[in-house]
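Here are a few exercises to work through with the model open beside you. Try each task before reading its solution.

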Amino acid sequence: MIFQKHIPKFPLDHYVDGIIYIEGNNKGTGLPKTAMSLVFNLEDNFKLFVDKSFTTSIDYKKHWVAGLQTKPTNVSSYGNSKMIVIQFKTLGAFVFLNDPLHYYTDHYIPLDQVFHADADDTWEQLKEAKTMGEMFLITENFLYRKLLTNKLPNPKLINTVEILCQKNPELSITDLCKQFNISRKHLSYLAKEYAGVSPKMLQSLNRFQNTLKIISKTNTDKLTDVAYELSYFDQSHFNNDFKRFTDLKPTEYVKKVLLNPTLKIVPHFIPFQ
């Protein structure tokens with residue numbers, strides 16, 4: 001697998017975690033992250049499976065919006081895979097789109113339905129690019145054209161999300177509502193509008209991502225230590241949360257990390273074998 005991440009220039013770096021070039025095997029299970037992404041597929045068609053057994057699928061060709069996913073998704077390319085992936089930060093995608101982000105949650109939507117002819121034009125330019133550097137520049141220019149600076153998120157939401165996305169938030173959602181003088185109902189509305197999911201789901205997804213990072217960096221056989229480090233109430237809660245987002249027990253995922261070195265580089269994608 002070839003995996004290269006490019007950090008875009010200011011002001012795009014406020015909203016985009018990275019522009020990623022991926023080439024290689026692309027059949028497997030994608031695990032939930034804390035933000036959505038845009039994908040330009042530069043090689044063979046891409047299949048999104050609607051079942052766990054990789055039998056029934058929907059085809060995607062050139063490009064698509066991958067909304068924030070709250071469950072594992074099974075995907076595959078028809079042959080060799082080459083993709084440019086724009087991975088947003090948690091509140092980053094909203095300033096490039098004209099819709100509330102919950103419209104996209106748990107969906108894959110062809111990019112021309114969102115950006116019309118510009119999606120195809122950018123795809124053509126990426127196909128003709130000679131180097132990875134050219135691809136990153138083309139992608140940055142596409143993002144600059146779509147940047148809607150008048151659609152910045154509510155400051156109270158930004159502050160709340162920054163705390164929720166810490167490794168171990170010291171405040172509960174109720175405490176955050178009191179601290180920032182905002183009702184829980186209004187906070188939930190803002191979070192779904194600007195991030196795609198409720199504050200509680202966002203907090204769960206963030207903790208899950210931290211779990212993947214810890215497991216990918218340490219060959220641990222003591223998952224109780226991981227649960228403790230991330231302040232889970234008990235081991236059962238940790239196991240249930242992990243299976244909710246992966247369809248796997250934590251011990252099963254650890255075994256896959258040992259068998260698949262790529263999981264240390266891309267912990268959110270499990271290759272199918």
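The model is predicted: local features need pLDDT of at least 70 and side-chain atom pairs pLDDT 80 or more, while totals for chains, interfaces and linings use all residues. Residues are numbered from 1 along each chain as its sequence is written, and side-chain values use heavy atoms, leaving out hydrogens and water.

**Exercise 1.** Describe the overall fold in numbers, starting from the helices and strands.

*Solution.* 
- Step 1: Count DSSP runs, numbered from the N terminus: helices are H or I with at least four residues, strands E with at least two. The protein chain has ten helices and eleven strands.
- Step 2: The radius of gyration (over C-alpha atoms) is set against the globule rule, 2.2 Å times the number of residues to the power 0.38. The chain's value is 19 Å, close to the 19 Å that the rule gives for 273 residues, so the chain is as compact as a globular protein of that length.
- Step 3: Along the principal axes, the C-alpha trace spans about 50 × 45 × 35 Å.
- Step 4: Buried residues make up 52% of the 273.
- Step 5: With contact meaning heavy atoms within 4.5 Å, take the contacts with a separation of 6 or more: 73% of them join residues 24 or more positions apart.

**Exercise 2.** Which residues of helix α6 are buried, and what do they pack against?

*Solution.* 
- Step 1: Helix α6 covers residues 184–194, and its buried residues are Leu187, Ser188, Leu190, Ala191, Glu193 and Tyr194.
- Step 2: These buried residues pack against α4 (155–164), α5 (173–179) and α7 (199–217).
- Step 3: After α6 comes Gly196, with a positive phi near 105°.

**Exercise 3.** Where does Asn260 lie, and is Asn260 buried or exposed?

*Solution.* 
- Step 1: Asn260 sits in the loop between α10 (250–259) and β11 (269–271).
- Step 2: Its relative accessibility is 7%, so Asn260 counts as buried.
- Step 3: Pro271 is eleven residues from Asn260 along the chain, and their C-alpha atoms are 7.7 Å apart.

Note on methods. Buried < 20%, exposed > 50% of the residue type's maximum accessible area, 1.4 Å probe, protein only.
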